[in-house]
Amino acid sequence: MEENKNRLAFGKKNYTVMLVGLLVLAVGFIIMTLDKEAYGLGFMGITLGPIVVLAGFIIELFAILVKDKTNE
């Protein structure tokens with residue numbers, strides 16, 4: 001009974017995937033700021049950056065939902 005209280009909600013794999021997702025999110029926002037067009041209306045600010053940010057959020061969702069085998 002005591003050992004169940006000390007277990008974390010996520011395993012090492014979950015935290016690793018979460019870190020990767022955060023890095024992808026950061027890269028997406030950086031891509032949006034690098035757009036040279038006025039008001040960020042170029043390809044990088046309107047298309048590429050938001051797609052990378054969306055991919056980062058999907059990675060974060062996957063990191064939360066994946067079951068870590070070592071945590072059982």
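## Overall architecture

From the N terminus on, the elements of this predicted model run α-α-α, and the chain holds three helices and zero strands, where helices (H or I, at least four residues) and strands (E, at least two) are DSSP runs numbered from the N terminus. Because the model is predicted, local features need pLDDT of at least 70 and side-chain atom pairs count only at pLDDT 80 or more, whereas totals for chains, interfaces and linings use all residues. Residues are numbered from 1 along each chain as its sequence is written, and side-chain values use heavy atoms, with hydrogens and water left out.

Of the 72 residues of the chain, 26% count as buried; buried means under 20% relative accessible area, exposed over 50%, and partly exposed in between, with a 1.4 Å probe and protein chains only. Among contacts in the chain with a separation of 6 or more, 67% come from residues 24 or more positions apart, a contact being heavy atoms within 4.5 Å.

## Packing of H2 against H3

Helix H2 (residues 12-33) packs with helix H3 (residues 43-65) at an angle of about 170°, and their axes are 8 Å apart; these axes are lines fitted to C-alpha atoms, for helices over the stretch in contact, and angles run from 0 to 180 degrees between N-to-C directions. That angle makes H2 roughly antiparallel to H3, since angles under 35 degrees count as roughly parallel, over 145 as roughly antiparallel, 65 to 115 as roughly perpendicular and the rest as oblique. By class, the contact of H2 with H3 has 20 nonpolar, six polar and one charged residues, where Ala, Val, Leu, Ile, Met, Phe, Trp, Tyr, Cys and Pro count as nonpolar, Asp, Glu, Lys and Arg as charged, and the others, Gly among them, as polar.

Two residue pairs illustrate how the helices lie. Val27, which lies in helix H2, is 25 residues from Val52 in sequence and 7.5 Å from Val52 in space, C-alpha to C-alpha, and Val27 is partly exposed, with a relative accessible area of 44%. Ile30, also placed in helix H2, is 19 residues from Gly49 in sequence and 7.8 Å from Gly49 in space, C-alpha to C-alpha; Ile30 is partly exposed, at a relative accessible area of 49%.

## Helix H3

The 23 residues of H3 should span 33 Å at 1.5 Å a residue, and the end C-alpha atoms are 32 Å apart, which agrees; the expected span is 1.5 Å times one less than the number of residues. A kink of about 30° lies at Gly49 in H3, shortly before the proline Pro50, the bend at a residue being the angle between axes fitted to the seven residues ending there and the seven starting there.

Gly45, Gly49, Val52, Val53, Gly56, Glu60 and Ala63 are buried in H3, and what covers the buried residues of H3 includes H2. An α-helix has 3.6 residues a turn, so residues three or four places apart point the same way.

Tyr39 is found in the loop between H2 and H3, where its phi is near 60°, a positive value in a residue other than glycine. At 81% relative accessibility, Tyr39 counts as exposed.

Phe43 is placed in helix H3 and, at 53% relative accessibility, counts as exposed. Leaving aside neighbours within four places in sequence, Phe43 is in contact with Asp35 and Leu48, while Phe43 and Met32 are eleven residues apart in sequence and 9.1 Å apart in space, C-alpha to C-alpha.
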